[in-house]
Amino acid sequence: MSWTGRLQCTAVVKDGRTVIFDTYNEGALKLMRPVYLDSAHPTLYLVHVGGGYVNGDRYEINMKLESHARLMVTTQAATKVYKTPYAPVWQYTQFSLGDESVLEYFPDPLIAYEQARFIQETVVHVTSRSTFVYGEIITPGWSESGQLFRYDWIRSKLKVYQDEAFVLFDHLYLDSRQHLTSMLQLGGYTHVGSLVALSPFITKEVLEQFNQFMEEMPREVCCGFSAAAVPGFSVRILAYETSAIEAIFQRIHQFIRHQCGEKAPVCWRKY
C-alpha cells in the first residue's frame, strides 16, 4: 500500500522527563522538533508540507507512549481537504498509551472544501491508569458559490480499547446530501466539535462537577456530554464558528488538567 504521508514516534521517560525515543516520517507528514512548554514533557507539532489533502491521499500516524510518558500533540495549522473527484482521502491514526501515561491531542480544525470526501479512523489503546484527552473540530470550507456544506461527506470513527476491552466507539457521519442544517442533523449550526477524555481521575464526583461546569457554557452554542463506560466522558459541541468551540475546548481541557493535578493552563504558542 502506498502512502501520501506516514509518521511514527515513541515517547519514553528518561531521567525523570519525557523524551522522544524515536521518530520516523515519510512523504507529506513531518514532525517538528519537540518544544518543552513544560520542562518535564514535550509538545509535538505535526506538519503537512503539501498544503492540504487532495484526491485519494492516504495518511497514517502511529504514536506510542511508554509507561509514565506524557505528551501534548497538536498540528501546525488546520487540515484542509480539497476536491476528491475520484477517491476520498483516508487517514488512519493509532495511539498506544502505557500505564500512567498521559496524551493530550488537540489538532487544529479539519476544513472540508467543495466536493471533499474524507474518511478518518482513530484507534486508541489505553490502560485503566492512563489518561487520554482528544479534541477535534470539523468546519465547512469556503466555496465559490458562497454556500456552506459544499463538501460531499465526512466520516470519522474513534475506537478506544482499555486493557484490550472495547470501551468506546464514536462515529460521526456528515453528509451534505442529508440537509445537514435541519433538525436531527446540525439544527442550523455549522461547526462540530468532539472531545473525549478518559482518565482514572475522572471519578463519579468529578462527573457531577463537570455536569455543573457544562451548565455554564455560552448560550450561542449547543453542547452536551455523556459519561463513558469507563472513567471519563465525551462531549459534542455545535456552533457557528471555530473560535467558539476552541474556547470551550480550552475550558474543558483546563478542567481536566486541574483534576489531574495540573494547575497551569495550556498555551500552544502557535499564533
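## Exercises on side-chain contacts

Glu121 has a relative accessible area of 21%, so this residue counts as partly exposed. The model used in these exercises is predicted.

**Exercise 1.** Identify the salt-bridge partner of Glu121 and state where the two residues lie.

*Solution.* Step 1: the side chain of Glu121 meets that of Lys159 in a salt bridge, with an N to O distance of 3.4 Å. Step 2: Glu121 belongs to strand S12, and Lys159 to strand S14 (residues 153–162). Step 3: the two residues are 38 residues apart, and the pair links distant parts of the chain. Step 4: the cut-off for buried is under 20% relative accessible area, and Glu121, at 21%, is therefore partly exposed.

**Exercise 2.** Describe the salt bridge between Glu104 and Arg70, and state whether its residues are buried or exposed.

*Solution.* Step 1: the closest N and O atoms of Glu104 and Arg70 are 3.5 Å apart. A salt bridge requires a distance within 4 Å, and the pair forms one. Step 2: Glu104 lies in strand S10 (residues 102–105) and Arg70 in strand S7 (residues 70–75), so the bridge ties together parts 34 residues apart in sequence. Step 3: both Glu104 and Arg70 are buried. Step 4: Arg70 and Glu104 are also linked with Arg257 in a network of salt bridges.

**Exercise 3.** Classify the ring pair formed by Phe210 and Phe225.

*Solution.* Step 1: the count of aromatic pairs comes to 20. Step 2: the ring centres of Phe210 and Phe225 are 4.9 Å apart and the planes stand at 85°, so the pair is edge-to-face. The cut-off for this class is over 60 degrees. Step 3: Phe210 lies in helix H1 (residues 204–214) and Phe225 in strand S17 (residues 222–227), so the pair ties together parts 15 residues apart in sequence. Step 4: Phe210 is buried, at 0% relative accessible area, whereas Phe225 is partly exposed, at 26%. Step 5: Phe210, Phe213, Phe225, Phe233 and Phe255 form one aromatic cluster.

**Exercise 4.** Find the ring over which Arg155 lies, and the ring over which Arg58 lies.

*Solution.* Step 1: Arg155 lies over the face of Tyr173, at 4.2 Å from the ring centre. Step 2: Arg58 lies over the face of Trp3, at 5.8 Å from the ring centre.

**Exercise 5.** Determine which backbone oxygen the side chain of Thr74 reaches.

*Solution.* Step 1: Thr74 lies in strand S7 and is buried, with a relative accessibility of 0%. Step 2: the Thr74 side chain reaches the backbone oxygen of Phe106 at 2.6 Å.

**Exercise 6.** Compare the radius of gyration of the protein with that of a compact globule.

*Solution.* Step 1: a compact globule of 271 residues would have a radius of gyration near 18 Å. Step 2: the protein has 18 Å, which agrees. Step 3: the protein has 2 helices and 18 strands, and 49% of its 271 residues count as buried.

Note on methods. Residues are numbered from 1 along each chain as its sequence is written. This is a predicted model: local features need pLDDT of at least 70, side-chain atom pairs count only at pLDDT 80 or more; totals for chains, interfaces and linings use all residues. Side-chain values use heavy atoms; hydrogens and water are left out. Rings of Phe, Tyr and Trp (its six-membered ring) pair if their centres lie within 6.5 Å; planes under 30 degrees apart count as stacked, over 60 as edge-to-face and the rest as tilted. Helices (H or I, at least four residues) and strands (E, at least two) are DSSP runs, numbered from the N terminus. Buried means under 20% relative accessible area, exposed over 50%, partly exposed in between (1.4 Å probe, protein chains only). A charge sits over a ring if NZ of Lys or CZ of Arg is within 6 Å of the ring centre and within 35 degrees of the ring normal. A polar contact is a pair of N or O atoms within 3.5 Å; within protein, one must be able to donate a hydrogen and the other to accept it, and residues adjacent in sequence count only if both atoms are side-chain atoms. The radius of gyration is taken over C-alpha atoms; the globule rule is 2.2 Å times the number of residues to the power 0.38.
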